[in-house]
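Student: I'd like to learn how to read contacts, cores and pockets. Could you walk me through them?

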Amino acid sequence: MLHPNEKRILAIDLRSRSFGYAVFEGPTRLLDWGVKSFRQGVNEPTIPASEKFAALMDDSSPSTIVLKKRDSETKKRAEMRNELVREATKRRISIRSLSQNGVKNAFPDCNCNKYTIAAALAKQLPELAPKLPSVRKIWKSEDYRMSIFDAAALGVAYFSRRKLAHEVSNESQSARQIAGRPT
């Protein structure tokens, strides 16, 4: 059962050929996670991106979708974002965007690189620990599973940002009560 200030969110990390996702019910309860790919050419999947987004939204029933805010996007990623927004709009699901700095601020003890954030997530959410990729060498491409951790980091950052906003709201309400003003 959800507390009144917690809700189910779907955090999505869009890539040009895939997307990672994490479904949260509150800040510490991870319900589902994974990666869906969209290859090109001969191996192109038969299920289009919009249907994959729709199935994911129907299965997880989120109240909010959290995406990473980007300054610029590739054509393919922009198309995927538009399809995602279209499917979310059909289902009346709100969409929130977080900047990369917002995600990094949620992990103050990390030195703000992707792997240390992923390692912190593996400790915080032990169900993700078996999926943690090894540290990337500079000559290797990024492991596809890192998209799961990027999506999970978005979810954790979203809830930590909400918690901070809730605490600030409570502090201002307490200050008004001390000053004798009605709330």
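Student: Which residues does Leu14 touch, not counting residues up to four places away in sequence?

Tutor: Bear in mind that this is a predicted model. Leu14 touches Phe19, Phe53 and Leu67, along with Met80 and the arginines Arg70, Arg77 and Arg81. Leu14 itself sits in strand 1.

Student: Is Leu14 buried or exposed?

Tutor: Buried means under 20% relative accessible area. Leu14 has 3%, so Leu14 is buried.

Student: Which residues touch the most other members of the largest nonpolar core?

Tutor: The general idea is that nonpolar side chains tend to be buried together in soluble globular proteins. Here, the largest nonpolar core has 28 residues, and those touching the most other members are Phe24, Val66, Phe107, Leu121, Leu125, Leu128 and Phe149. Strand 1, strand 2, helix 4 and helix 5 each give two or more residues to this core. Helix 5 provides the largest share, eleven residues. Apart from this core lies another, of 17 residues, including Phe19, Phe38, Phe53 and Leu56.

Student: What does Phe24 contact beyond its neighbours within four places in sequence?

Tutor: Among the contacts of Phe24 are Ile9, Leu30, Leu125, Ala152, Val156 and Phe159.

Student: And what volume does the second largest pocket have?

Tutor: That pocket has a volume of about 240 Å³. Its lining has 13 residues, with Ser134, Val135, Arg136, Asp143 and Met146 the closest to the centre. By type, the lining of the second largest pocket comprises six charged, four nonpolar and three polar residues.

Key
Residues numbered from 1 in each chain as written. Predicted model: local features only at pLDDT ≥ 70, side-chain atom pairs only at ≥ 80, totals over all residues. Heavy atoms only, no water. 1 Å grid on protein atoms, 1.4 Å probe; cavity = no way out; pocket = protein on both sides within 12 Å on 5 of 7 lines; lining within 4 Å. Points joined across faces, edges and corners; volume = space filled by probe spheres on them. Nonpolar A, V, L, I, M, F, W, Y, C, P; charged D, E, K, R; others polar. Core = buried A, V, L, I, M, F, W, Y, C linked by side-chain atoms within 4.5 Å. Buried < 20%, exposed > 50% of the residue type's maximum accessible area, 1.4 Å probe, protein only. Helix = DSSP H or I, 4+ residues; strand = E, 2+ residues; numbered from the N terminus. Contact = heavy atoms within 4.5 Å.
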